[in-house]
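User: I am new to this structure and would like to understand its aromatic ring pairs, its charges over rings and its disulfides. Please take me through them in turn.

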Amino acid sequence: MSRTDDLFLLVAGFTALIAQTGCLAEALESEPADGQVGSMDEALTSMNRLSMNRLSMNRLSMNGLSSAGLSPSGSTLSSTEFIETPEGRELLTYVVRCALPEGESLSRAHGGVTYTFPGAVGLAPDWRLEPLDPVGQRWVSACLLAHVNGYGAEVPISLRGEHEALETTSTERAQLDVQEAAFYGNLFGSGPDQGMYACAGSTVQAQCGASSSSYVPWRSCSAGEGCGLSFAGPCRDVAHPELQTCENTSADFVEDCFAGASGPDGWSGDQFKYPEVITVYLTRGDFNTLYGGCTPLP
């Protein structure tokens, strides 16, 4: 399928997120059998069942993964401990999906089984042959965070952001027009950009009341697990724009976001600014279902 087709990314998210400026990932028509998470049929849906707990616990190993190319020798995935377990292969599924473009894939054998991991979004295509640079680390991190889901309700979502791989069609923008949240951070490095963050989108703020506790993206973490995702506040505070979390807020997505909201005089000088941000959109019907405590959209 081409990027000009009217594609939709179906992912599981209690409060579904992700909107790339358009690129929609492939589909998992049903949950794959244990031990075969990496293998999936090309379609229009994505599982989006990546555990926040799993992401948090594997950050050190992911730092090692980013220090070399995913496949310097061609189509074979570089050696990694993630291939050894179903949980690790699930994580690899999302890593490769976020990093490589549609039409590319990586494979590796383990225990007599060859696992194939297809690309879809294409946020860091150079990572196939070279180490992942800090900009690529933050784009892939934002994509992974957007796929995190502590629950199991599959809904269509759209990913948007200031990246050439994130392009939307007019049909996609019309059908998924509810700005839910944005994600950013760095899961790979150990520098000042390390962290996992989310901020609330404009529609969620407008419909869910003045208290930030009303629109925290709870879907990212289940009640039974610790959550490493930090809620930075509103991406752009509707009532008090001077207190927003993101410096640039276009009509379609946000960018240049911080770990916390600004004060009246702006952000403190020691806060890292994240240009690499992915904003997620929902359909109106899914918003009304997932945010039952908020004012429904018509």
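Analyst: A residue counts as buried when its relative accessible area is under 20%, as exposed when that area is over 50%, and as partly exposed in between. Please note that the model is predicted.

User: Is Cys257 buried or exposed, and what is its relative accessible area?

Analyst: The cut-off for a buried residue is a relative accessible area under 20%. Cys257 falls in the buried class, because its relative accessible area is 0%.

User: Which residue does a disulfide join to Cys257?

Analyst: A disulfide is a covalent bond between the sulfur atoms of two cysteines. Here the S to S distance is 2.0 Å, and the residue joined to Cys257 is Cys246.

User: How many residues apart are Cys246 and Cys257, and where do they lie?

Analyst: Cys246 belongs to strand 8, while Cys257 belongs to strand 9, which spans residues 254–257. The pair links distant parts of the chain, and the separation is eleven residues.

User: How many disulfides does a search of the whole structure find?

Analyst: Cys246 and Cys257 form one of them. Others include the link of Cys199 with Cys235 and the link of Cys208 with Cys294. Over the whole structure, the search finds four.

User: Which parts of the chain does the pair of Cys199 and Cys235 tie together, and how far apart are they in sequence?

Analyst: The sulfur atoms of Cys199 and Cys235 are 2.0 Å apart, and the two residues form a disulfide. Cys199 is in strand 6, and Cys235 is in the loop between strand 7 (230–234) and strand 8 (246–249). The parts tied together are therefore separated in sequence by 36 residues.

User: What is the handedness of the link of Cys208 and Cys294?

Analyst: Cys208 lies in helix 6 (residues 202–208) and Cys294 in the segment after helix 7 (284–290), so this pair ties together parts 86 residues apart in sequence. The angle about the S-S bond is 105°, and the link of Cys208 and Cys294 is right-handed.

User: Turning to the aromatic rings, why is the pair of Tyr184 and Tyr197 stacked?

Analyst: A pair of aromatic rings is described by the distance of the centres and the angle of the planes. Planes under 30 degrees apart count as stacked. The centres of the Tyr184 and Tyr197 rings are 5.7 Å apart, and the pair is stacked because the planes are at 25°.

User: Which strands hold Tyr184 and Tyr197?

Analyst: Tyr184 is buried at 0% relative accessibility, and Tyr197 is buried with a relative accessible area of 14%. Their pair ties together parts that are 13 residues apart in sequence, because Tyr184 is in strand 5 (residues 178–186) and Tyr197 is in strand 6 (residues 195–200).

User: What is the arrangement of the rings of Phe272 and Tyr274?

Analyst: Phe272 is partly exposed, with a relative accessible area of 25%, whereas Tyr274 is buried at 2%. The ring centres of Phe272 and Tyr274 are 4.9 Å apart and the planes are at 65°, so the arrangement is edge-to-face.

User: Which residues do ring pairs link into a cluster?

Analyst: The count of aromatic pairs comes to five. Ring pairs link into a cluster the residues Tyr184, Tyr197, Phe272 and Tyr274.

User: Where does the charged end of Arg160 sit?

Analyst: For Arg89, the charged end sits over the ring of Tyr115, 4.3 Å from its centre. For Arg160, the charged end is 3.7 Å from the centre of a ring and sits over that ring, which belongs to Tyr281.

Key: Residues numbered from 1 in each chain as written. Predicted model: local features only at pLDDT ≥ 70, side-chain atom pairs only at ≥ 80, totals over all residues. Heavy atoms only, no water. Phe/Tyr/Trp six-rings, centres within 6.5 Å; stacked < 30°, edge-to-face > 60°. Helix = DSSP H or I, 4+ residues; strand = E, 2+ residues; numbered from the N terminus. Buried < 20%, exposed > 50% of the residue type's maximum accessible area, 1.4 Å probe, protein only. Lys NZ or Arg CZ within 6 Å of the ring centre and 35° of its normal. Disulfide = S-S within 2.5 Å.
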